Amino acid sequence: MTGRTGDRPVVLFAGHRFDICPDVTFRSYQSDHVQAFVPHTAPAPPCGHLTQIRVRHSQDLFRRRMARLADAPSLPVVPFRGEPYRFSRIGDVSWWRPQPGSHLPQDHLYAMDGIGWLHVLIHPGTHRGERYLMRIIRESVLRCAETRGWAAFHAAATAVEGQGVLIAGPSGAGKTTVATALATHYGADLIASDRAVVTDQAAMVVGVPLSVRIGAGTLGALPPHHRLTRFRAPLGNSGHAHKASYTPRTFAHAFAARVRESAPLRVAVIPQLSDDAQDVTVSVLGPDAARAALTAACCTPDDEDWLHPWFADRTRPVHVIRDQAAQLVDDLVQRVPVVNVRAGVRSPHLLERLADTVTRRLT
């Protein structure tokens, strides 16, 4: 969803407003990339807050700031899993630069100034530097959700005819496979691919803007010559073995579906896919088992990726946030059925049978 602040567009993610101001020479690249994550429909309830972000794309400015930071006192920080940065404070501005000598490219800087504006400074030679802005947006969305009493889950989410499906579990459980099955056979709208937020009293599921990563096995299970396989999305091993990456709109477009930001939550699915030909089975979890599975998937306040507050400080004590998340898990167990779906990825007609199994729980 978009609006305007003065002569600039305001983008909304999960109800949080972002005023994004890129340099003129970089504006089209940055705007196109952000738009690829913007939902088409069903905006989340607004929070009333605004985050302002400036994106600078200047070789001279980048070099001057890097030279200044090289001599400034700094502390090592790892705010995002596996990504070491150096933190410095110069005057009233906080700076984060990639740890020299690490695997991170030395082509970008993050900053927060004294009035709360966030800044991304990118070297013009950076490959696809427009991606760095989304890091700020994602964390701001997650911190805003905490403040609102919502909770994030390691989960995908879709909407089948407007009914929300939360698909929660650890990496490799089969979340994206189930979401792809629902899109393939029921035209399900995409809400979230790896982090989904559940609102207070477990009433709605809301998406966090992340790329959709799909394993080679799931891509291979799609019908021959499916549109998704024709998009250029290289397979790689960047912490996710043999997975291709798509923007939400690219993924949705391939299934003639939409990116939907929110939906009433109707069912929670705990997938367990195995590398065999096991038949598809489903069972409704009892309250204790459902609570344990959802608690294990809950990322609030202890997210395995977003390790420490970075661009947005927490406004509530961690123990309060943790108690809120526990209460929300209880609400979720009481409000919607939680089902365990088991299947082997080598079983015949896997996507069709997964989709049928899940949608039967919505009727």
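Some conventions to start. Residue numbers count from 1 along each chain as its sequence is written, and side-chain values use heavy atoms, with hydrogens and water left out. As the model is predicted, local features need pLDDT of at least 70 and side-chain atom pairs count only at pLDDT 80 or more, while totals for chains, interfaces and linings use all residues.

Confidence, then. The protein chain has a mean pLDDT of 92, and 94% of its residues reach 70 or more; pLDDT is the predictor's confidence in each residue, from 0 to 100. Over residues 232-240 the pLDDT is below 50, and this stretch has 17 contacts in the model beyond near neighbours in sequence. A contact here is heavy atoms within 4.5 Å. Where pLDDT is low, the predicted coordinates should not be read in detail.

Next, helices α4 and α10. Helices are DSSP runs of H or I with at least four residues, strands are runs of E with at least two, and both are numbered from the N terminus. Helix α4 covers residues 175-186 and helix α10 covers residues 350-359. Their axes come within 8 Å and cross at roughly 90°. Axes are lines fitted to C-alpha atoms, for helices over the stretch in contact, and angles run from 0 to 180 degrees between N-to-C directions. The two helices are therefore roughly perpendicular to each other; the classes are roughly parallel under 35 degrees, roughly antiparallel over 145, roughly perpendicular from 65 to 115, and oblique for the rest. On the α4 side the contact includes Thr177, Val178 and Tyr186, and on the α10 side Leu350, Leu354 and Thr359 are among the residues involved. By class, this contact has 9 nonpolar, 4 polar and 2 charged residues. Nonpolar means Ala, Val, Leu, Ile, Met, Phe, Trp, Tyr, Cys and Pro, charged means Asp, Glu, Lys and Arg, and the others, Gly among them, are polar.

In α10, 7 of the 10 residues are buried, including Leu351, Ala355 and Val358. Buried is under 20% relative accessible area, exposed is over 50%, and partly exposed is in between, with a 1.4 Å probe and protein chains only. Tyr186 of α4 counts as partly exposed, at 37% relative accessibility. Leaving out residues up to four places away in sequence, Tyr186 touches Val160, Ala181, Ala355, Asp356 and Thr359. Tyr186 and Thr359 are 173 residues apart in sequence, with 8.6 Å between their C-alpha atoms.

The other pair is α8, residues 287-297, and α9, residues 318-335, which pack at about 135° with axes 10 Å apart. That angle makes α8 oblique to α9. Pro287, Ala290, Arg291, Leu294 and Thr295 of α8 meet Val329, Asp330, Leu332 and Val333 of α9. These residues divide into 6 nonpolar, 1 polar and 2 charged.

In the loop between α8 and α9 sits Pro301, joined to Thr300 by a cis peptide bond with omega about 0°. Most residues other than glycine have a negative phi, and most peptide bonds are trans.

Two alanines also have positive phi. Ala14, in the loop between β2 and β3, has phi near 55° and is buried at 7%. Ala42, in the loop between α1 and β4, has phi of about 55° and counts as buried at 17%.

Last, His154 in strand β10 counts as buried, at 5% relative accessibility. Its contacts include Asp194, Arg195, Cys299 and Glu304.
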